[in-house]
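Subject: Structure handover

Hello,

Please find the structure below, with the sequence. My notes come after it.

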Amino acid sequence: MTSPKSLSRSPSSTVSANIVSSILTIQTPGRGFVDLTAEIAKFVKDAGAREGAVTLFIRHTSASLTIQENADPSVLADLTTALDKLAPENAGWTHDTEGPDDMPAHVKTMLTAASLQIPVLDGELALGTWQAIYLIEHRTRPHRREIVLQFAGAT
Amino acid sequence: MTSPKSLSRSPSSTVSANIVSSILTIQTPGRGFVDLTAEIAKFVKDAGAREGAVTLFIRHTSASLTIQENADPSVLADLTTALDKLAPENAGWTHDTEGPDDMPAHVKTMLTAASLQIPVLDGELALGTWQAIYLIEHRTRPHRREIVLQFAGAT
Amino acid sequence: MTSPKSLSRSPSSTVSANIVSSILTIQTPGRGFVDLTAEIAKFVKDAGAREGAVTLFIRHTSASLTIQENADPSVLADLTTALDKLAPENAGWTHDTEGPDDMPAHVKTMLTAASLQIPVLDGELALGTWQAIYLIEHRTRPHRREIVLQFAGAT
């Protein structure tokens, strides 16, 4: 552990808060990453969001959320490989009634995120240059997935 | 990576926000999953929550939170097995003064969640059909655990 | 799975909400844990926060956030070892143009947290006795990292 070597902080601003909620429905093409960034940005714009945070919550236990690199598709391929190594099929799972890809999907969901929060500043998602918001479909076949979107903040 | 194949969004609604906080104390029976869903639903009802989100924050580093399947108990057994494989005891950890289950408990906590957010819509937790909210006790013996509950939204 | 054995809840309080945002910039010394707790506590104090929650969001995909033990530095050393075992260098990653430490850094980020929420009660971060808030730098060399801080609640 180390202390921060160099650390600066921008001035704070204060505004009052509203809540805007929506449900996003996605038909996934099966296992892999689905980029949600443009759709979340559209929600922020439609909500008239100025300052606050968007919460994403996925209503499933065999698909999950993550924020990852948006540039090189090989990163996403390697992330899939990594998850497969951490939660392989045919590893002696006792829960196998829904197919060999189901229990690994639950493990991968537990290791990634069911809920995410992304701040909104000046009406824009405060993502870094290389960040995108992904749904990760862990099941082999296509599924219909629901994500609750909620903005809390100044509109 | 793929783009969403089919994606729909329900209309948004806007409401103003309040904060309601509470601390939940749980005596765990030792290692395993404790279902908190009914208690969180009770908090939402008692708070008069209508639209917003509940934040859960666990005040410990050897127990954590997750959202997982509520139906087949074999899923929880396999999740425990998965965590044990990812963070086994007796793996040469240097931190061993608190027993062989302590350092694996820290690793498992890091790989799962210390904080969770669950939206509330129409006065109900917006969980999916198969989702439950669990505390995961990573230590072998029973422990007293505290979780901060906080609703932010319209009451 | 078990039901809570013993469970108590403190009374709730209700207050209205404001938003206070800030960006924290940190120059990391390279791979390892950076303790942010004092700086986040300062943000909470400067914001005049009384009751609500602080959201942390890291704007990078090769560094992440976690809440972990603040006492014994050997815990942090073992957590680093655990992450290295889960996402080793030279494991046949296809994404290797940014160096052997880059793809493992993305995997480690996915397995830990990009966003965290910590409740504020009575003007103080509601951390447990043994909890600290860490940035984890996953890259070998020093990097400049940005974290969005946002308090939502009563000021």
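What follows covers the fold of one chain, its two interfaces, and two residues.

The model is predicted, not experimental, and every value here was computed from it.

**Chain A on its own**

Chain A contains 10 strands and 3 helices. Read from the N terminus, the order is β-β-β-β-α-β-β-α-α-β-β-β-β. Of the 155 residues in chain A, 61% are buried. If you count contacts between residues at least 6 apart in the sequence of chain A, 83% of them link residues at least 24 apart. The accessible surface of chain A is about 5,600 Å², and carbon and sulfur atoms hold 49% of that.

**Chain A against chain B**

This interface buries about 3,900 Å², with 57% of the area on carbon and sulfur atoms. Three residues, A:I19, A:F57 and A:M110, provide 18% of what chain A buries against chain B, which is more than any other three residues. Chain A puts 45 residues into the contact and chain B puts in 49 residues.

There are 0 salt bridges between chain A and chain B, while the number of residue pairs in polar contact is 15, counting pairs with both residues at pLDDT 80 or more. On the chain A side, the elements giving two or more residues are β3 (18-27), β4 (32-35), α1 (37-46), β5, α2, α3 (102-111), β7 and β10. The top contributor among these is β3(A), with 10 residues. Sorted by class, the side of chain A that touches chain B has 24 nonpolar, 15 polar and 6 charged residues.

**Chain A against chain C**

Here, too, the buried area is about 3,900 Å², and carbon and sulfur atoms account for 57% of it. The contact draws 49 residues from chain A and 46 residues from chain C. Between chain A and chain C the salt bridge count is 0, and 15 residue pairs are in polar contact, again with both at pLDDT 80 or more.

The elements of chain A that give two or more residues to the side touching chain C are β1 (7-9), β2 (13-16), β5 (51-58), β6 (63-69), α2 (73-86), β7 (115-121), β9 (131-137) and β10 (144-154). On this side α2(A) gives the most, with 8 residues.

A:E146 lies in strand β10 of chain A. Is A:E146 buried or exposed? A:E146 counts as buried because its relative accessible area is 17%, and the cut-off for buried is under 20%. The side chain of A:E146 is in polar contact with the side chain of A:R144, at 3.4 Å. Leaving aside residues up to four places away in sequence, A:E146 touches A:I23, A:L24, A:T25, A:F57, A:I58, A:R59 and A:H60. One of these, A:F57, is also among the three residues named above for the area that chain A buries against chain B.

B:L149 sits in strand β10 of chain B, residues 144-154. With a relative accessibility of 0%, B:L149 is buried. From B:L149 to B:I133 the C-alpha distance is 13 Å, and the two are 16 residues apart in sequence.

Regards

Methods
Residues numbered from 1 in each chain as written. Chains lettered and ligands numbered in written order. Predicted model: local features only at pLDDT ≥ 70, side-chain atom pairs only at ≥ 80, totals over all residues. Heavy atoms only, no water. Helix = DSSP H or I, 4+ residues; strand = E, 2+ residues; numbered from the N terminus. Buried < 20%, exposed > 50% of the residue type's maximum accessible area, 1.4 Å probe, protein only. Contact = heavy atoms within 4.5 Å. Areas by Shrake-Rupley, 256 points an atom, 1.4 Å probe, with all protein chains shown as cover. Buried area = accessible area lost by both parts, 1.4 Å probe. Salt bridge = Lys/Arg side-chain N within 4 Å of Asp/Glu carboxyl O. Polar contact = N/O pair within 3.5 Å; in protein donor to acceptor, adjacent residues only side chain to side chain. Nonpolar A, V, L, I, M, F, W, Y, C, P; charged D, E, K, R; others polar.
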